[in-house]
Amino acid sequence: MIIDCHVHINQYELMQDVPTLEGRLEALQMEMTNNNVDYALILSSYKTDEYRPSARQIMEAIRKYDNLGLVAGFSIDNHTDEDLKDYRGWIKDGHVKGLKIYSGYEHYYPYDERYQKVYDMCIEFDVPVMVHTGDTLSKKSKLRYAQPLNLDDVAVDNPELKIIMCHVGNPWIEDAQEVIYKNKNVYGDISGFVVGDFDHYFEKMMSEKISELINYAGEPKYLLYGTDWPISTMDSYLNFVAKLKIKKDFRDLLMYKNAKKLFKI
């Protein structure tokens, strides 16, 4: 089984010729089928515009698909308490599997007290919060807010909160592995390492870094498989993880068991 815990349905440059949400969902279904991916979690954005559908739009569009789930994005600048009220109902009904904040894209540290209401909701319903860490696509982002060490504060102050560090802080993977090792409530997804396909050199370099992370943390029970599709291609990512030198039991944790348990899939 394969669960991709990190995909998008925004009209990124790679999807510029697919203007409709339904068209992008069909493209996602085709990509999943071609790569034997059983389930994917779609992350809604930190803002809504003509290129980025809202959590509500995505939730309604995926009702007919039993192999898709939703993680709803939250932004201090672009979402309201009314949005959080909607999220609460959708989480309670099982339509939303978790929440996400976009540190770096949004110029606030993840330990900003204004995010606490998001964390409290995730604790209340025992769903994870996903947090962007590491490099960003936008030149307007500010990297200091996306440093993985920032999540140590959140983890320590919210020991019951399940935190998923998106992209394991790449390129600050050493910092990320220490935060994951130290805090048993912090997980990491391995999505978004590359735009498009891995080339041989970069694939080898990232394979060594992830192997080091696994060895440092002890076992990959804190890692989740994700691609960041359509930014990264699914087939290239599967080739990448196939070359990781890990036992089958560990590989099953990475590829689906960890996500299945965290997101209650």
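This is a predicted model: local features need pLDDT of at least 70, side-chain atom pairs count only at pLDDT 80 or more; totals for chains, interfaces and linings use all residues.
Biologist: What radius of gyration does the protein have?

Modeller: The radius is taken over C-alpha atoms, and the globule rule is 2.2 Å times the number of residues to the power 0.38. For 265 residues, a compact globule would come near 18 Å, which agrees with the protein's value of 17 Å.

Biologist: Is Ser-141 buried or exposed, and with what relative accessible area?

Modeller: Ser-141 sits in the loop between E5 and H5, where helices (H or I, at least four residues) and strands (E, at least two) are DSSP runs numbered from the N terminus. Leaving aside residues up to four places away in sequence, Ser-141 touches Gly-104, Tyr-105, His-107 and Thr-136, a contact being heavy atoms within 4.5 Å. On a scale where buried is under 20% relative accessible area, exposed over 50% and partly exposed in between (1.4 Å probe, protein chains only), Ser-141 is buried, at 12%.

Biologist: Which helices hold Glu-124 and Arg-88?

Modeller: The side chains of Glu-124 and Arg-88 meet in a salt bridge at 2.9 Å, N to O, the term requiring a side-chain nitrogen of Lys or Arg within 4 Å of a carboxyl oxygen of Asp or Glu. The pair ties together parts that are 36 residues apart in sequence, because Glu-124 lies in helix H4 (residues 116-125) and Arg-88 in helix H3 (residues 81-92).

Biologist: Which residues do salt bridges that share partners join into one network with Asp-126?

Modeller: Asp-126 and Lys-162 form a side-chain salt bridge of 3.0 Å, N to O. This pair links distant parts of the chain, since Asp-126 belongs to the loop between H4 and E5 and Lys-162 to the loop between H5 and strand E6 (163-166). Through salt bridges with shared partners, the residues joined with Asp-126 into one network are Lys-162 and Lys-264.

Terms used
Residues are numbered from 1 along each chain as its sequence is written. Side-chain values use heavy atoms; hydrogens and water are left out.
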